[in-house]
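Please load the model in your viewer and keep a selection panel at hand.

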Amino acid sequence: MNNCLKCRALVISLLILNVFQVSVASVVSTGDFNKDFFVIWAPDHVNTSSNGRERSLKLDQVSGSGFASTQMFLFGQIDMQIKLVPGNSAGTVLAYYLASDQPNRDEIDFEFLGNVSGQPYIVQTNIYVDGFDNREERIYLWFDPTEDFHTYSILWNLHQIVFMIDSIPIRLYRNHADKGVAYPRWQPMSIKTSLWNGDSWATRGGLDKIDWSKSPFIASFKNYTIDACVWKGNPRFCRADSSANWWNKRSFSTLTRVQKRWFKWVRKYHMVYDYCQDNQRFQNNLPKECFLPKY
């Protein structure tokens, strides 16, 4: 990206951030990974800085690794700064997602699919509702996500789910439950991350395998914000339109004009796969949401 485009992106991002002002009272994170998260997989492959502000996951031939939030949430916005696995990361998968703990689980997924050195990273997003997914979208990133940290965000409210990268919306999933489309709105979810071996499918459909001579593979995290409704056992508190639940307000029921422009830009220039365009997969019977407005 040239300097002009970088400046433009910075200006637009700042405009978007001004729109997404939040109530400090609703922020429930401490900024300390040791307090807000716990290790769920391979503690010896998870490294946390002495002040708890940064954490990394490691994948090698012995194991992958992962951590999850200590609390569960129903609606809100989650931001996490992540630096992806550098170099030849083919076959690796870094997952950063929200997930319920029910058999008919709900999930809101970011998955970062490793690449051969020099090739662009692919970001896959997916949404599970009542245990069913098949809602994958993929984009190429317009920057190198291994050189520095970037902010990956999920806004989840009564109206829509918005996936964002550095405040730029890359995917929308609207609540069309009134039209018979499944939407995650009842099950609380925790925040989870994991780094694992996905070389059976992740890179070029599994053609590019993990080169273990390049291991260990490391992904890093810092500067997260959890601005969400903590689950207390009753959904009505999280569904209420209150000053604390800013995400449920009407102003967050759709994208702003500037956000719509960026969303269209991502889809026009960076989209690799959209399940709503895969007639062969769905045998010309695309899911109902594919014919409904995104915003």
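How many cavities of 30 Å³ or more does a search of the whole structure find? The search finds four, where a cavity is a set of points on a 1 Å grid over the protein atoms alone at which a 1.4 Å probe fits but cannot get out, and where a volume is the space filled by probe spheres set on the points, joined across faces, edges and corners.

This is a predicted model, in which local features need pLDDT of at least 70 and side-chain atom pairs pLDDT 80 or more, while totals for chains, interfaces and linings use all residues. Residues are numbered from 1 along each chain as its sequence is written, and side-chain values use heavy atoms, without hydrogens and water.

Select next Glu137, Arg171, Tyr275 and Lys294, which are among the residues lining the largest cavity (lining residues have an atom within 4 Å of a point); about 90 Å³ of space lies there. Strand E12, residues 168-174, gives the most to this lining, with four residues (strands are DSSP runs of at least two residues, helices of at least four).

Move on to Val28, Asp36, Phe73 and Ile226, which are among the residues lining the second largest cavity, whose volume is about 40 Å³.

Finally, select Trp265 in helix H4, residues 257-269. Trp265 is partly exposed, with a relative accessible area of 24% (between buried, under 20%, and exposed, over 50%, with a 1.4 Å probe and protein chains only). Beyond its neighbours within four places in sequence, Trp265 is in contact with Trp142 and His270, contact being heavy atoms within 4.5 Å.

Terms used. On a 1 Å grid over the protein atoms alone, a cavity is a set of points where a 1.4 Å probe fits but cannot get out, and a pocket is an open set with protein on both sides within 12 Å along at least five of seven lines; lining residues have an atom within 4 Å of a point.
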